[in-house]
Structure formats: structure tokens, C-alpha cells
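Thanks for coming. Please have the structure open while I talk.

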Amino acid sequence: MSDFVGHLCWDKVEAGNIISTEAVSPSAAVFFATHAPLRISRRASDNVDREYDGGEVGEENVRHDFLTRTMANGVLLMPIVGGSGSGKSHLVRWVKERTESTPRRHVIYLEKARTSLKSIVEALLTEVDGPEFDKLRSDVLRMGTEITLGGLKQRLLNYLQEALTEAEARIPAERLLVGPGKLELILLDPVLREHMLRPDRLVPRLAEHLWADRGAGKPERQLSFTEEDLPLNLLNIDDAAVATKRLCTLIQTRPELQKAALDLLNRHLDVAVMNATNMGVGRLQNAMIEIRKEFARRRQEIVLLIEDFALIQGIQRDLLESIIEVGVRDGGEVLAPIRTLLAITPGPYRDLVDTVVTRIRATTPYAYYLDQQFDGGPDAMADAASFVGRYLNAVRVGAKALEERGDRTGAVPNKCDECHFSEPCHAGFGVSPKGHGLYPFNENALERMIRSRARHDDSGNLLFNPRSVVGEVVRNILVEHADAIRSGSFPEVRFREEYPPGTNGKRMLAAVREELTELDPADADRRVTFVEFWGGAPDHAVNLHPNLHSAFRIRPLKDADTSPSGGPHRERRDTSPDRNTNLVPPPQPNEKIPASLVKHLDEIERWANGTAELPQATARELRSLISQAVIRRAQWMDPLAPEPSSALIRNAWPNRSTVVSIEGALGEALDVTNAAIRFTRTDRNAVFFQGILKARAGIIEGNAAHIRRLDGIAERHQDRLQQAICAAREVQDHHLAVAFRGSLFGAALAGRAVPGMTDAELLDVALDPGVEWSRKDQDVRTPGWLKAWETHSAARPHLVAGIREGIGIAQGRGEVRMLDTARILHHLRDAADSWTWQMPEEGVPGWAKNALKGLSNWNRLLEEQASSLRELLESIRSLLPRGVRGREMVESVSAALESAARVGIAPDDIQSIREMNARALKCDWPVVQRLEQDLERLAQTSSGDRTRQRRLVTVAAMDRGEHLRFAMEFLSRSDTWLSNKLEEARMRESNSGDGALRELDELLARWAAVAGVDAS
């Protein structure tokens, strides 16, 4: 068995050559070796939606009916209708391989891969000669020499525009579009024309179709105008002509005009093709009529096999007219009888029914339909296994051996019969109903891979496309994954990406996938894929058939059960899709699960396996459960803060995806990059979601690990909750930084904060609401300073309350009693270090804005206040020079006052002056010197120096009391009365015997010297 590991019983190059999605590509031997009976039904030709009573038929029935049915007037048109990939071309090829030309029959075969006009004309004109035929061949050949591909695209638009100019309206809506200056404008306007010549539009595709045969592997493309081809929504439509824009707007706003425009374009497309390719309208029809005349002379009937109606795009009208032309006239055969087998898709066939088929209904009462080959019924996978088994066997036999046999019956020997690995291979991977080994598939894997590529019809039924099965499943695995199978790395990550399980078929439970991941973390992805695909998605972690593990080099799990579904003899289950079936296993008899919980669990399962988005209701339940766990865990100690109210929590931590984001949940916000908690769409998270929902419902058993994980999430993310609360309160660090700076600077406005304070002093003033603060030096404050303080002081209590609530906790609903000073001390130190203010553009808490308004001109206030104090100092020093003590000045003035009183020249308000002098004796005269020193230190700094800002704040903010203004008042008033009395004393100088007068004279002279007054 060890030699079977990584064994390839096929050659991947041979597989690539043999397995083709096109019926015409393989040789006849390969074609018959891989042919599987088709499911064919008959339906009335005049109603494509009504089934015919004849029921299902086989390929031979179709061929016999086609070749032997009596023709009315020498014409038979038999449609083979089916969707893309349904096998209609395969059926035409099958008829062709079993229908050879004879003396009584001439077979013309139009292959779908030979799409060029040259290939079509050559096939139609084979075995006929004559000047007219030679001229037609020559004209088609000239298209390749005289017209470039780019020129053909332009010519198609030009001739289509001409056809629309001459067109006649069939319905009222077309009257607005046919004729000069109407729909044809779209084909003339350079802007719109550029759009219609884009590579992905019809005209370039059609030109390439006519120019050269379709390359291998190129997809089929619709060759008729669709709404996408109408240039109605161009971004540069304003660059188009006014008349063109008006027409586009009209067509765009009226659906009936859009339909009419498309009908007109498609109806005249044949004419444009004929003219653009040098063939001319009617020439091919005439040539075909002449061909029929020629074969009538030869007494041969024509069998025309058309693999795809789209193949003859551009010549459909001429060709169809020629093949339905009555051949019997006046009782004689004028034209050779012609039998046409035409493969066509349902849409074009409906159009054909309305035109051509109605004229020959008498001879073609029905059409043959290619039904879905695998329809999701109970026998669908057996049919699919037989279908795939034929291809696997053909690849193993090889093209050369098949060619040598030359068998046209499909009786190919089973290559497995001569393989010495067949016993372990078939035991593990199984065989098809025809006995062909399914390796490297088994029925489980084959079904899931086919379902991965299937689609649903309008009724919800699964539709399996044979072309998709052959190309996207069989060929892809045998060719693209052959190296991975050989190396033992299959199924690799790429396999899972190529075959997403989707909505078709049973998905393995997220809990099982998670269990497998835990049991085999090193190779989890590969094992999950292996068990889900080859094991049929069991309901618990299992080992599959030992030969499956061995072939793919996936070690069995210890102590795990072996799944009976891992081999070929599995119990068949109903594979029909039921969108309403719960994916979650039903509860045990003693386990009561509410219906609402079952619904949530099932929705989570579908979310996990990628078949559906998570509904909003379920996502909301999960978010609530998780976010509440975080709320309950929060201690509100880091940072230290009072416990928030429920309303605040709902605002800061809402039950939305911006807090708890779940990938793939409906209703997710557009941007969840900043969500506090984020869950990706994984099995682990799905199992966790299911577990915590069960635990909340009281089902604790088996969910302890999920409860612990929820607790861990709450522990890890409580800081995000607290940050969210801080943000909602606007007490995050950046909020507090600006608030503390504002509080400190506001205290400076009140004279309570100056540079050089200790941390304790800074905290004390920053947290003081200032309701009892007042400046003693208000009379020396500038108006701007007073206004700023007035604005700040009114809002300061609210500012300080916001700060205290942001950094402290309260007992009950009382005041904040404990402060987290460590959290904010650095903000205060930073503010006290720079003493600069700049209002941030954002991050200013709403509760602080009013208190900060007065600080908007902080630097200007400082400069203005310092300038005002400088002027006041200069005025004082003009009367109290440096070196003169203020108290001595007061004593001298007082002595002079008394001397003046004795000689009778005292001032009139002598009592008031005596009171002023008495007060002046108590004045803080050193304040003048201190201000002078502060101003001198400020003058020693330059602009931009950090020291200058601190000294500027010291000068401007310090409360110097009431003495500065009084000192100035005393000096000024004393100067006034002493200066006035000085003159009066001089007039009495002659009385030298008056001692008091002499004493006064001496005092006045001394004042004059101090005050700088001329005493002479």
C-alpha cells in the first residue's frame, strides 16, 4: 500500500489534451470514449416553456428522427435547445460522427470553434464550384487583405449607421429612433463611438469573431447588443454633441425606447456584417440557393449541422432564408432537400420561434431540449460518477490507445482491471456505477466539488453544468493538482480556494472544524478540507478510510472513530437543497434549547461556513453579551475614575459594531478599524459564539472553555471600555492636559500662580475653584487682563469640577474624595515649565471651553500688563529715585508739612494729607524695588528664550498688592502741594529770623533736589 502514496494513474499532459470542454475538440475516438448518454426531451416548437408529451428520448432517437422525418416541401429545421454547457453542441457532434456523406446525402458541418466568416463560407461552399461561388470566396478572402481588424470594427459601425438611417419603424417607439438625426447619431458621435469600440463591447467582439476562429479556451460571448453596449451613462457624456446628449437622455429615461433601440441595432446587424465584410446583402442566400440547385441536380439532400446558432452571427438572415426556402415547386424538386440541425440557446430560440420556425411548423412540430444532466435528484450523483468515471478511464487509457481502437460505440476497456493498486484504491475511493475507479475523487468529494460549481434555477433547484464538471472539476484536478497529489500535499490551500462549499450541500459544523484544528494544529487546514470533502462533512471529528489517509499522506488521528462515509459504500442521504433546514444538530431529549437559541446557533453556523451573512439580530445578541461582560469586569481604577452611569455607558460603549465588530455580520459599520473588539469569520469564533449563547441559556456543560474565553476578553478589553468612558466624559489625557493648563493660567490671572511654585502649590491652585479669589492689585491691572479674569472666573468652578471628576472617585453620589494626582501631575509640570498657551484645534473638552475663552490672547495679555507696570514704575522713579528709601521720603514730607503749618503756609487739606502720610508710613515701599528687579531680569532675555516667558509671567501675573498704586498717589500728591508751597516760601525768604521758615526752606530744597525741581 505504501507505493500507492502519491500514485498517479494518469499523465497530466495527456489529461490536458484529452479532457476538453468543447464537443468539437477531441478526436472521434476520445469523443465516444467520454460520451455519456444525454437527457433529452421534446417540447412543442411554438411554446418553449411547455413540455411535449413525447417525454425523454435518446441521442439515437434524435438522429433517426432528424434523418428520416418526411420533409414538407424539402425543408426540415430541427432545433436543439439548451443553455451554455448543457451538451447541445455535444449532441450535434454525436449526430455528425454517426452521419457520413453518401451518394444520397451531403453533410455540411459548421463547427462552433471555427467562427471566422472565412471558415463558415468555406464549409458551406465545399464541393461546389462555379464563378459565383469563386467570387464569393474571393470577396471573403479580400476582407483579410484589404481590410484590417481595426478597419472592420469601424466599417461595422458605419454600415450599421447607414442601415438605421434607412430603417422603417415596426412599432410606435421605433418612430423616435429611425431615420436621419436619430439613433444613428450615437454611431456617428466620436465620444459615444469610442465607447462602442471598447474591447469589452459588442462591435469589437463581433469583428474578432468574424475575423478569426475562436481560440482554444476562449469563452463563448453573446454576439448581440445588450444594454451595456448602449453608451447612455458615460462620465464624459458632456463632451458629446448637444443633439446626441438629448437623444441619450431621452432613451435613458424611457425603458420602452431602450428596448426599441436594442431591437433596431440587433435587427440590422446582419446587414451591417454583410456589407462590412464585402459579402453584400443577399449574396450568401443566393449562393446557398444555387448550392441547393446543384445538389438537386446531383439528387442529393443536404444535411446541415450547426453547432451553435451564434456561430453564424452576421449571416443568420441570409442562411436561414436559404435553408427554409421551399424546394418543391409545381410538383417538381427545384432545390435540394435540406435538413438543418441547429444548436441554439433559449433566448435566441424564442426570437427564432417568432420568425422562422412558424413558417415550417408543419414539418417541425417540436424542438429537442437538453435538460440538466445532473438535476440534484436522488440519482444525480450516481449519474455524475458515471459521467466522470468515463473521463477518468479515457485519460488512464490514453489518446493513442483510444485512436488505435477506433471504437465508436464507447466500449472502452476499464484501465482499472489491469492496475495492481485497484483493490486498495477502490476500497478507499470507490468506483462509478460502471466500475471505473474514482481516484483521486470519491463520491463525497465529487459531489461537493460539483456542488461548489453549481447554481440554482429560479425555482431553487440545483443545476449541474456538464462543461463545468469536465473543465472545472475533472480536468482541473488531474492537471493542475497532479503535482500536489504526487508530492503528498493534496488537498492544498489552493484546492479550498477553488472549491468553496458555498450554499450547495451539507457543510461541516464549525465545532467539528474547530475540533479537527485542535487535534491537528500543524496540518489543520488540510485535514479539515480532507474530512469535509472526502468524508462528507461528518458531525464529529473522525478518521476516514485508512487508504484515503495513506494516499494523501494524512496521518489518522489517535482514538478517533472511523467514518463509514469515508469509503464507497456510504449511506445515501437526501442531497436536495433545503434553505430552511437547521445546520445545528437537534438537541438531545434531555436538553431543552429555546427555539430562538436554535435559530441563533443555526445562523452562526451558516455564517461560519460562508453560506450567509450573520443576521443583525444574532449579531446584536452577541455584541450585547460580550460588551456587558467587559462592563461587569471593569474596576474603574486605571485610570482612577468614578463609576459611570448606565446612560453614560450606553453612549460611550454602544451595542454596535464600532465597539464589537463581527466580520460578515449584516449592519456592520463601513469603518470598524477602531472597534475595541473584533472577531473574524473563523470556526473558532463561531464555536465560541454558540458556546456563550448556550451558557447564557443555562447550558453550562461543554461550554466552560467558552466562558473562560469570554472572561479573558472582558479582562483584556476593560481598559478600552474605560478609555471609551474617558472619551465620552472628555477626560482623556489630552483633555486633561489642556484643562489643567487652562486652570493654571486662570490662577495666574488671579495672581495665585506664578513660575517657581512647588508641585503641591501647583495642584492646590489648579484644583481650587477660585470662588473666593480676588486680586489686591486690581487698580494696576489692564482692562484686557481684568476682562480675561472675569470671563475665566465665571466658568472656573465648572472647569475645576470637570477636572476633579476626571481624575478622582467619589463615595456614593457625594463629592470626589480621592484624586489620581500621579496621572495629571506631569500635565501641570509641563504647563508650569513653558507657560505658553495655544488653543488646540480639537481635543478641548466641552466642559472646559467657557473657562478657556479668556485665555485666547494669553501672550498679548502678558505683554500689555508688563508694559503697563513698566510705565507705572517709571512714574514712581521720577519722584522716588533709586537709592532713596520710601519711608525716609514719607518722614521728610511729614516734617515739611508740620513746618509749613507753623509758618502758616500749610495746604488747605492738611488733615487729609496728614492721614495720607500716616498711611504711607505703613506702605510696602520695597514692592517698588521688587518690581524693578523683575523688569530688569525680563529685559535681560531675548524673544524666543524660554526663560523670558517665565519671567514675563512673573512680572505680569504676580499680585503686588495695593501698595504700588498708593505709592504713586502719595508721591504725586506730595509733589503737588510741596511744589506749590515752594514758591510761597521763597516770597517770605527775607524773614531770616523766622526759624520755622528756614527749616521749611531747607526741607523744600531737599524735595526739589529729589524730585528734580528747580529751587532757585
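A helix axis here is a line fitted to C-alpha atoms over the stretch in contact, and the angle between two axes runs from 0 to 180 degrees between their N-to-C directions. Keep in mind that this is a predicted model.

Start with two helices, α30, residues 683-696, and α31, residues 704-729. Their axes cross at roughly 100 degrees and come within 9 Å. Angles from 65 to 115 degrees count as roughly perpendicular, and α30 and α31 are therefore roughly perpendicular to each other. Which residues make the contact? On the α30 side they are Arg684, Asn685, Val687, Phe688, Gly691, Ile692 and Ala695. On the α31 side they are His706, Ile707, Arg709, Leu710 and Ile713. By type, the contact of α30 with α31 has seven nonpolar residues, three polar and two charged.

The second pair is α37, residues 858-877, with α40, residues 926-939. Here the axes are 10 Å apart, and the packing angle is about 130 degrees. That angle makes α37 oblique to α40. The crossing of these two helices is left-handed. From α37, the residues in the contact are Ala866, Leu869, Arg870, Leu873, Ile876 and Arg877. They meet Val928, Gln929, Leu931, Glu932, Leu935 and Leu938 of α40. Sorted by type, the contact of α37 with α40 has eight nonpolar residues, one polar and three charged.

Two of those names come back when we turn to salt bridges. Arg877 and Glu932 belong to a network of salt bridges that also links Arg882 and Glu936.

Stay with α37 for a moment. Glu864 and Arg860 both lie in this helix, four residues apart, which is about one turn. Their side chains meet in a salt bridge, with 3.0 Å from N to O.

I will pick out two others. Glu294 pairs with Arg298, and their closest N and O atoms are 3.0 Å apart. Glu294 has a relative accessible area of 21%, so it counts as partly exposed. Arg298 has 34%, so that residue is partly exposed as well.

The other pair is Arg526 with Asp523, where the closest N and O atoms are 3.3 Å apart. What are the relative accessible areas of these two residues? Arg526 has 11% and is buried, while Asp523 has 26% and is partly exposed. The cut-off behind these words is that buried means under 20%.

Asp777 lies between α33, residues 759-766, and α34, residues 783-807. Its relative accessibility is 0%, so Asp777 counts as buried. What is Asp777 in contact with, if we leave aside its neighbours within four places in sequence? The partners are Met958, Asp959, Arg960 and Gly961.

To go back over the helix pairs: α30 and α31 are roughly perpendicular, and α37 is oblique to α40. That is what I had to show.

Note on methods: Residues numbered from 1 in each chain as written. Predicted model: local features only at pLDDT ≥ 70, side-chain atom pairs only at ≥ 80, totals over all residues. Heavy atoms only, no water. Parallel < 35°, antiparallel > 145°, perpendicular 65-115°, else oblique. Left-handed = near helix turned anticlockwise from the far one by under 90°. Contact = heavy atoms within 4.5 Å. Nonpolar A, V, L, I, M, F, W, Y, C, P; charged D, E, K, R; others polar. Salt bridge = Lys/Arg side-chain N within 4 Å of Asp/Glu carboxyl O. Buried < 20%, exposed > 50% of the residue type's maximum accessible area, 1.4 Å probe, protein only.
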